[in-house]
Amino acid sequence: MSNKTPQYKSFEEPKKRVPKRVLHFSDGILEEYSTDEEEREERKREEEQQKSAQTTAVNTSEMSWISWAMYLMMLSATNTLSVCDSVGERLAWWLGITSPKYYYEIQEAKRMMKEQEERKSRMDAEMAGWVGDTNTGEGGLVRSQEDVRGKERGTE
């Protein structure tokens with residue numbers, strides 16, 4: 001065994017990030033790196049270019065009858081699948097089955113909580129006022145329904 005080249009590499013060296021742009025300032029250097037979003041966009045562009053190259057690479061005039069028929073069947077099947085997918089999505093939206101399962105129940109519960117809070121605030125407004133007990137330093141003024149309940153229970 002020689003020490004020149006190992007038989008295998010157990011670890012690949014990580015990619016060294018190359019700055020997209022280097023800006024020199026009087027107080028230092030700023031290196032701008034590409035963001036993950038830019039890298040994703042670049043990958044998408046490359047994939048689209050590869051797909052367009054694959055679709056334009058087929059020359060049907062040079063195909064035999066069997067391969068031409070298979071190509072047409074594959075092309076029509078993929079187009080039919082994409083049309084069915086699109087129609088199915090629109091049908092599901094029209095039937096209303098795209099919304100979350102318990103969406104209406106959640107909205108109803110929120111509406112009921114809001115009504116209950118409004119009712120409670122109205123009751124507080126109605127219950128606030130003068131009360132016959134003038135032992136307190138406030139002259140018997142009650143600020144909310146909770147105060148009335150607390151006085152009835154004897155806890156304050």
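Predicted model: local features only at pLDDT ≥ 70, side-chain atom pairs only at ≥ 80, totals over all residues.
Colleague: Which class of pair do the rings of Trp65 and Trp68 form?

Modeller: The ring centres of Trp65 and Trp68 are 5.6 Å apart. Their planes stand at 90 degrees, so the pair is edge-to-face.

Colleague: About how far along the helix are Trp65 and Trp68 separated?

Modeller: Helices (H or I, at least four residues) and strands (E, at least two) are DSSP runs, numbered from the N terminus. Trp65 and Trp68 both belong to helix α2, which covers residues 65–95. Because they are three residues apart in that helix, their separation is about one helical turn.

Colleague: Is Trp65 buried or exposed?

Modeller: Buried means under 20% relative accessible area, exposed over 50%, and partly exposed in between (1.4 Å probe, protein chains only). Trp68 has a relative accessible area of 32% and is partly exposed. Trp65 has a value of 71%, so its class is exposed.

Colleague: At what angle do the ring planes of Tyr103 and Tyr104 lie?

Modeller: Tyr103 is partly exposed at 38% relative accessibility, and Tyr104 is exposed at 58%. Their ring centres are 5.7 Å apart, and the pair is edge-to-face because the planes lie at 75 degrees.

Colleague: Turning to the strands, which residue of β2 does Val22 stand opposite?

Modeller: Strands pair if DSSP finds at least two bridges between them. Strand β1 (residues 21–25) and strand β2 (residues 28–32) are antiparallel partners over five bridges, and a hairpin of two residues joins β1 to β2. Within this pairing, the residue of β2 opposite Val22 is Glu31.

Colleague: With which residue does Arg21 form a salt bridge?

Modeller: A salt bridge is a side-chain nitrogen of Lys or Arg within 4 Å of a carboxyl oxygen of Asp or Glu, and the count by this rule comes to three. For Arg21, the closest N and O atoms of the bridge are 2.7 Å apart, and the partner is Glu32. The pair links distant parts of the chain, 11 residues apart, with Arg21 in strand β1 and Glu32 in strand β2.

Colleague: Which residues are linked with Arg111 in a network of salt bridges?

Modeller: In helix α3 (residues 103–127), Glu108 and Arg111 are three residues apart, and their salt bridge has its closest N and O atoms 2.3 Å apart. Arg111 also forms a salt bridge with Glu115, where the closest N and O atoms are 2.4 Å apart; these two residues are four apart in helix α3, about one turn. Glu108 is partly exposed at 34%, as are Arg111 at 38% and Glu115 at 33%. The residues linked with Arg111 in the network are Glu108 and Glu115.

How values were computed:
Residues numbered from 1 in each chain as written. Heavy atoms only, no water. Phe/Tyr/Trp six-rings, centres within 6.5 Å; stacked < 30°, edge-to-face > 60°.
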